[in-house]
Amino acid sequence: KVVSPVLVNDEKSTIYHIDFSFDKMRLGGSAFAQSLNRIGDDVPTVQNPEYFRDAFMAIQTLVEKRLILAGHDISAGGLITTLLEMCFANSEGGMEINLNKLLEDDIIKILFSENPGVVIQVKDKHKEEVKKILEDASIGFAKLGKPTDERHILVTKGDATYQFGIDYLRD
């Protein structure tokens, strides 16, 4: 059972962030740090291996129950790269993302830290079942947003809004 990494154009779906690390967002070792000719020594870690295992197993349950429309790991490049990659192979639409539910205040850390985690897209009719599975496993998750017809990713944090042109950044 494979989950597509490509965003599905379904206005009746929601995008979630699922944290596997339960650690502060860190930029050390990230592609972002490397792009600035730095490495950094404050790297993401997994604070609790049992939590990581439980998060992984909860995602496996969601996959087995076919409750995930699309999903992508947050690894090389961080959250913004994950969101963009979910949109690259889809030639229509984009996302509206609100980061206010993520506990970090630093927008750069939110967008570029490579803390272990995944982004999933879930049909709204399956939202409650997904939430129950995650909550029963004590897994941290946050609603990020929705697919949109516009060909960009619109990111809001606090009173700031950033627009990322999908096709421009892909090219």
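Ala, Val, Leu, Ile, Met, Phe, Trp, Tyr, Cys and Pro are here counted as nonpolar, Asp, Glu, Lys and Arg as charged, and the others, Gly among them, as polar. The model is predicted, so that local features need pLDDT of at least 70 and side-chain atom pairs count only at pLDDT 80 or more, while totals for chains, interfaces and linings use all residues. Residues are numbered from 1 along each chain as its sequence is written, and side-chain values use heavy atoms, without hydrogens and water.

**Pockets**

On a 1 Å grid over the protein atoms alone, a pocket is an open set of points where a 1.4 Å probe fits, with protein on both sides within 12 Å along at least five of seven lines; lining residues have an atom within 4 Å of a point. A volume is the space filled by probe spheres set on the points, which are joined across faces, edges and corners.

| Pocket | Volume | Lining classes |
|---|---|---|
| Largest | about 450 Å³ | 10 nonpolar, five polar, five charged |

Of the 20 residues lining the largest pocket, H17, D19, D23, M25 and L103 lie nearest its centre. The second largest pocket is lined by 13 residues, and V3, I59, V63, G71 and V118 are the closest to its centre. Helix α2 gives the most to this second lining, with four residues; helices (H or I, at least four residues) and strands (E, at least two) are DSSP runs, numbered from the N terminus.

**Helix contact**

In α2, A58, T61 and L62 meet V130, I133 and L134 of α5, contact being heavy atoms within 4.5 Å. By class, this contact of α2 with α5 has five nonpolar, one polar and no charged residues.
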